[in-house]
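Please examine the model shown below, then work through the questions that follow.

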Amino acid sequence: VTLDSTSPQLDTLVRAFASDRQANASTLRDLYDLVVSPIADQLTTSNLIISPDGVMNYVPFAALQAPDGSYMIDHYTISLVPSGTVLMLLNQRPPASTAMSAGLVLAQPVAPGLPSLAYARSEAEVVAAQLGVTANTDASESDLRNGSTGAAILYISAHAELDRFAPLYSHIDLAGDEINDGNVEAGEVYQLDLTQGTQLVILSGCDTGSGGSGEDFG
């Protein structure tokens, strides 16, 4: 289905919502009208897989509001994928092995030149309690490298910095030591072994859902 909405229309609405989510909450209705209403009659499944492009990566699809006041999350289970190719590759994965631990929960609120993340530590402790593990609230890059393999859930609450000109140098800010500098660069993520039962990775930071073209942090 080809929609009548244009990229400038969508861009204006998404940026308006991002600038003030409370004052401009009505944009969620407008986005629903432009993107979902034209295909609403064809959405006969309860599971939606969405592959957003560009600025649409910033759209909280679960919160889009229908004319009757309900939200998309009231009717659908929503998953996001970067592309159709990624979806195909995910479907080709072998069955996951059994994890060795319920999770690895890391928090590092401090990064050079950036304000401290006020709730990073308490957030990590709440998550760890849910998983029945102990949170590491002063986490280093070495802690991530040494503890990620075999963790069913990997949770990191820390600053992340985007390098738009050299994306593989974008990094998560953890503490450094004599072995690792603390900057977990995107290129270094490939060195982690997340094949041993890891089912979910959560990156919780400040403004990691914004910046660049909409696809950079992905």
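Two residues are in contact, or touch, when they have heavy atoms within 4.5 Å of each other. This is a predicted model, in which local features need pLDDT of at least 70 and side-chain atom pairs count only at pLDDT 80 or more, while totals for chains, interfaces and linings use all residues. Residues are numbered from 1 along each chain as its sequence is written, and side-chain values use heavy atoms, with hydrogens and water left out.

Q: How many helices and strands are there in the chain?
A: Helices (H or I, at least four residues) and strands (E, at least two) are DSSP runs, numbered from the N terminus. In that direction the elements run α-α-β-β-α-β-α-α-β-β-β-β-α-β. The chain has six helices and eight strands.

Q: What percentage of the 218 residues in the chain is buried?
A: A residue is buried at under 20% relative accessible area, exposed at over 50% and partly exposed in between, with a 1.4 Å probe and protein chains only. Of the 218 residues, the buried ones make up 32%.

Q: Which residues does methionine 72 touch, not counting residues up to four places away in sequence?
A: Methionine 72 is among the residues with the most contacts inside the largest nonpolar core. Beyond four places in sequence, methionine 72 touches Tyr32, Val36, Leu48, Phe61, Ala62, Leu64 and Ile78.

Q: Why are the buried residues of H2 on the same side of the helix?
A: The buried residues of H2 are Thr27, Leu28, Leu31, Tyr32, Val35 and Val36. The arc is that of the directions from the helix axis to the C-beta atoms. These residues lie on the same side of H2 because they cover an arc of only 145°.

Q: Which element gives the most to the lining of the second largest pocket?
A: On a 1 Å grid over the protein atoms alone, a pocket is an open set of points where a 1.4 Å probe fits, with protein on both sides within 12 Å along at least five of seven lines; lining residues have an atom within 4 Å of a point. The second largest pocket is lined by 19 residues, of which Leu3, Val35, Pro52, Met56 and Phe61 lie nearest its centre. Helix H1 (7-19), helix H2 (27-36) and strand E1 (47-50) are the elements that give two or more residues to this lining. The most, three residues, come from E1.

Q: Why does tyrosine 119 count as exposed?
A: Tyrosine 119 is in the loop between strand E3 (101-108) and helix H4 (120-131). Tyrosine 119 counts as exposed because its relative accessibility is 64%.

Q: Which residues does serine 157 touch, not counting residues up to four places away in sequence?
A: Serine 157 is in strand E4 (residues 151-158). Serine 157 is buried, with a relative accessible area of 2%. Beyond four places in sequence, serine 157 touches Leu106, Ala107, Gln108, Ala120, Glu123 and Ser204.

Definitions and conventions: A nonpolar core is a set of buried Ala, Val, Leu, Ile, Met, Phe, Trp, Tyr and Cys residues joined through side-chain atoms within 4.5 Å.
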